[in-house]
Amino acid sequence: MFAVKSHLKVFSCAATFGVFTKEPLERLEAAGCEVWVNPTGRVLTKAEILEHAYEADVAIVGNDDFNGDVIRRLPNLKLIARHGSGVNNVDFSEAKHRGIVVTNTPDANIEETADLTFGLILDLERHLSQMNAELKDGIWRKRAGHSLYGKTIGIIGVGRIGQAVARRAMGFGLDILGNDINPDESAARTGLIFTSLNDLLKRSDIVTIHTPLTQATENLIGAKELRMMKDDAILINTSRDGIVRHSALTKALAEGRLYGYASDVHAGEPPKHSPLFDLPNVIVTPHAGSATYEANYRMGMAVADNVIAFMDGCVPPNVVTSLGQFYSR
């Protein structure tokens, strides 16, 4: 049990908390929390976190970098409430050392991320963004793309989001391959067949990444893996930047050894301009997998559940006890 506190100072670094939907913020205030929110509408710098969160008992964290130095310099911090599922941006070891509780919202944006994944697949395979831009510029050009029906999709990381992608793939008539270090045999209900990473890369027309960024998955897809893929295959990453080696990817795309790439995740938010952005067969979105009103409502309410339970001296419903606890996402 945690110590009961009648009042908590809460700072939300998460730029979308209380913006798309006000109910979670109102719940915290009604429970007796003093809440102030990120005034910038973007990921905060280290200096901004330290300035705004210095007196906070609770930090609601989006994709902000809560490294060890940040955590050590926030003297009152008792709870880090992640507004999202992944906690790779939180120094879990330092938090544990300080006795700081870490929570997340693991189930709030599964379907939305899977939706965006298929939106990116359709955009790449049918050149939707290109044709939209051309037609608005007065250019009438029908670009030939690829049909999805009867093709093979390979899902790297068959956790909650990966299985949601597999359910959608069924509706498109795709054959489904999967790779995961801990295969969940219940995924077979979607027609998914588990196989090795190498076999998945060689056989798939679409490869989509839904595994977390860990020491085991950093640069998981490099030059060797890209050479295994079909020349007309596409690669989708809505998981984490760092899983794909950018230098090898840029070369493969420029040389025509990959049909296209789409990513919702980047190194830094906003990221610095990358050579990838200049390639016509690349689509990038601003980490928008959970950017729906519904997903933000669920994430916000889950954050409120965690904070209020902590304030009441109860174990929050979504305590993260180890970094491997909820991965494979």
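How many bridges join strand β6 to strand β7, and do these strands run parallel or antiparallel? Five bridges join β6 (residues 152–156) to β7 (residues 175–179), and the two run parallel.

## About the model

This is a predicted model, in which local features need pLDDT of at least 70, side-chain atom pairs count only at pLDDT 80 or more, and totals for chains, interfaces and linings use all residues. Residues are numbered from 1 along each chain as its sequence is written, and side-chain values use heavy atoms, with hydrogens and water left out.

## The sheet and its helix

Strands β6 and β7 belong to an open sheet of seven strands, ordered β8-β7-β6-β9-β10-β11-β12 with parallel pairing. Here strands (E, at least two residues) and helices (H or I, at least four) are DSSP runs numbered from the N terminus, and two strands pair if DSSP finds at least two bridges between them. At the edges sit β8 (193–194) and β12 (282–284), each pairing on one side only.

Helix α7 (residues 160–171) packs on this sheet and touches β6, β7 and β9 (206–209); contact means heavy atoms within 4.5 Å. The direction of α7 makes about 170° with that of β6, where axes are lines fitted to C-alpha atoms, for helices over the stretch in contact, and angles run from 0 to 180 degrees between N-to-C directions.

The axes of α5 (residues 110–126) and α6 (residues 128–136) come within 6 Å and cross at roughly 65°. Leu122, Asp123 and Arg126 in α5 meet Leu128, Ser129 and Met131 in α6. These contact residues divide into three nonpolar, one polar and two charged, with Ala, Val, Leu, Ile, Met, Phe, Trp, Tyr, Cys and Pro counted as nonpolar, Asp, Glu, Lys and Arg as charged, and the others, Gly among them, as polar.

## Aromatic pairs

There are two aromatic pairs, meaning rings of Phe, Tyr and Trp (its six-membered ring) with centres within 6.5 Å; planes under 30 degrees apart count as stacked, over 60 as edge-to-face and the rest as tilted. One of them joins Phe11 and Trp36, whose ring centres are 6.0 Å apart with planes at 40°, so the pair is tilted. It links distant parts of the chain: Phe11 lies in β1 (residues 9–12) and Trp36 in β2 (residues 34–37), 25 residues apart.
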